[in-house]
Amino acid sequence: MTVYRCKCGAVAETTQAHGSETVCANCQSTVQVYDTVLYIKSLLQKYSAVYQQLRKVQAEQAAAVSPKAVAVAADGERETSGRADTDAPRFPAEMVDKIKGLFAERQKIKVASLATEIQKILPDFDQTKYGFKKKFSDFVRQCDFLEVRGEKHDMAVSLKKAGANKAVAVEPVAGGLNDTDLFANQEQHEHIRRWLSDKNIAVTFDYAAVDMSGYFDESAELIGDNFRLLEKHLKTIRYLYGNDKKGFNIDCAALPPQDVQKLQEVFRQLYEYTVIAKYGYRADEQKIRIFLNAAEPMKRFFTGGWLEWFATIKLLKEARAKGKRFSIARSVVVQHDNGDRHEFDVVFMPEGGAPIFIECKSGEFRNNLDKYIRICKKFAIPAKNWLLLAAGIDEKQADAFEKMYPVRFCGMSHFLQKVQPLI
């Protein structure tokens, strides 16, 4: 049995095949048809994710506001009590992250406007709940990540600048790092720029390339974590984009049932992320039907961009797990003082260490090895800090290549193993 859910709110069973379209009996709109079991699984996954995130937020709030630290006054207002003078009030990390996000595009915001801006992203915002002062200008001065300049009505608020030798810290964001634009700003890239400038290398950044609030990073992580199952299909997709083809079938007749189920889950998720245009499973033919998204960003994603996003999100999560401070950038264009130019796919710089330059190749890479060696020498990059992530090689091949070339190699299965000592 299959079901559909229309934008008008109607939910009904139908006899149409999964992945096909039908007409809503309530409003006559065209709707997508889903397999009932897969649909229920999807709803349960989303419910579980939201519930877990809610539990994390509640736990953080409970830790930040204990009964000993907050008392409720008779008039209904909260006032702090029992807290040592040295204990600075603090928000849960998720709230801090959202407030910082206001400054990604606007470097300064007037104090008078900041309250309104915060209410837009945090409708139930109440700073006194966390021990901050009620007067808004005083509250701003208590936030250790904000800086106030000017006086009275001309006061402007900005994020505090990182020190000359400081990198941006990854906050323990509730719900993960897949939904933040914390890294998409000039301040976060400054550490890398200074390192390159000291070597007389000019650099141009694309800040939006590390904006994690879209679905590119989730899609890339999904692909990378299931690369063994998807490898040949990714090659097919690359070929189809290069030849203006729109779709293909995956014959599941000879596949193990668990692989068929996993392929359906992966492509259904990619469809929900909109990186593919359409997905369906024909049980009678035992085939999965995939239609590609013709949008240019999706073409770039499947012809190589996904591997850069995969490396980026894995680095971010590893650094957060270790509690490390760092800077990270993608699509970094550099120019040496002699005019030579190059673009680095991913640059990760841990605090106190040298940057890690990662070249990501989801296709052929062997004809570029000489170029990579020349780039290492030209930009004075230590061999251990230059890593070629080639999706199609295994650990044994990577070790053999490293004995032949002064460049480090890795594949999908041991990427983190190679970068962990450098983080």
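Where is Q286 found, in terms of the strands on either side? Q286 is found in the loop between β13 (276–282) and β14 (287–292), strands being DSSP runs of E with at least two residues and helices runs of H or I with at least four, both numbered from the N terminus.

## Basis of the description

This is a predicted model, in which local features need pLDDT of at least 70 and side-chain atom pairs count only at pLDDT 80 or more, whereas totals for chains, interfaces and linings use all residues. Residues are numbered from 1 along each chain as its sequence is written, and side-chain values use heavy atoms, with hydrogens and water left out.

## Overall composition

The protein chain contains 12 helices and 19 strands. Of its 423 residues, 47% count as buried, where buried means under 20% relative accessible area, exposed means over 50% and partly exposed lies in between, with a 1.4 Å probe and protein chains only. Among the contacts in the protein chain with a separation of 6 or more, 59% come from residues 24 or more positions apart, a contact being heavy atoms within 4.5 Å.

## Nonpolar cores

In soluble globular proteins, nonpolar side chains tend to be buried together. A nonpolar core is here a set of buried Ala, Val, Leu, Ile, Met, Phe, Trp, Tyr and Cys residues joined through side-chain atoms within 4.5 Å. The largest such core has 58 residues, and those with the most contacts inside it are F267, I290, F302, W306, L315, I358 and F415. Helix α9 (residues 296–322) gives the most to this core, with 12 residues.

Leaving aside neighbours within four places in sequence, F267 is in contact with L230, I250, I276, Y279 and I290. Another core, of 29 residues, lies apart from the largest one, and F357, Y372, I373 and F401 are among its members.

## Packing of α6 and α8

Helix α6 (residues 216–225) and helix α8 (residues 257–272) pack at an angle of about 165°, with their axes 10 Å apart; axes are lines fitted to C-alpha atoms, for helices over the stretch in contact, and angles run from 0 to 180 degrees between N-to-C directions. The angle therefore makes α6 roughly antiparallel to α8, a term for angles over 145 degrees, with those under 35 counted as roughly parallel, 65 to 115 as roughly perpendicular and the rest as oblique.

In this pair, S219, L222 and I223 in α6 meet V266, Q269 and L270 in α8. The residues of the contact divide into four nonpolar, two polar and no charged, with Ala, Val, Leu, Ile, Met, Phe, Trp, Tyr, Cys and Pro counted as nonpolar, Asp, Glu, Lys and Arg as charged, and the others, Gly among them, as polar.

S158 lies in strand β9 (residues 156–159) and is buried, with a relative accessible area of 9%. Not counting residues up to four places away in sequence, S158 touches F103, Q107, K108, F145, L146 and E147.

Q127 is placed in the loop between α3 (111–121) and α4 (136–142), and at 9% relative accessibility Q127 counts as buried. With residues up to four places away in sequence again not counted, Q127 touches F91, F132, K133, K134, F136 and F139.

## Loop residues with positive phi

N200 has a positive phi of about 60° although it is not a glycine. N200 is located in the loop between α5 (186–197) and β11 (201–204), and is exposed, with a relative accessible area of 52%.

Q286, also a residue other than glycine, has a positive phi near 55°. At 37% relative accessibility, Q286 counts as partly exposed.
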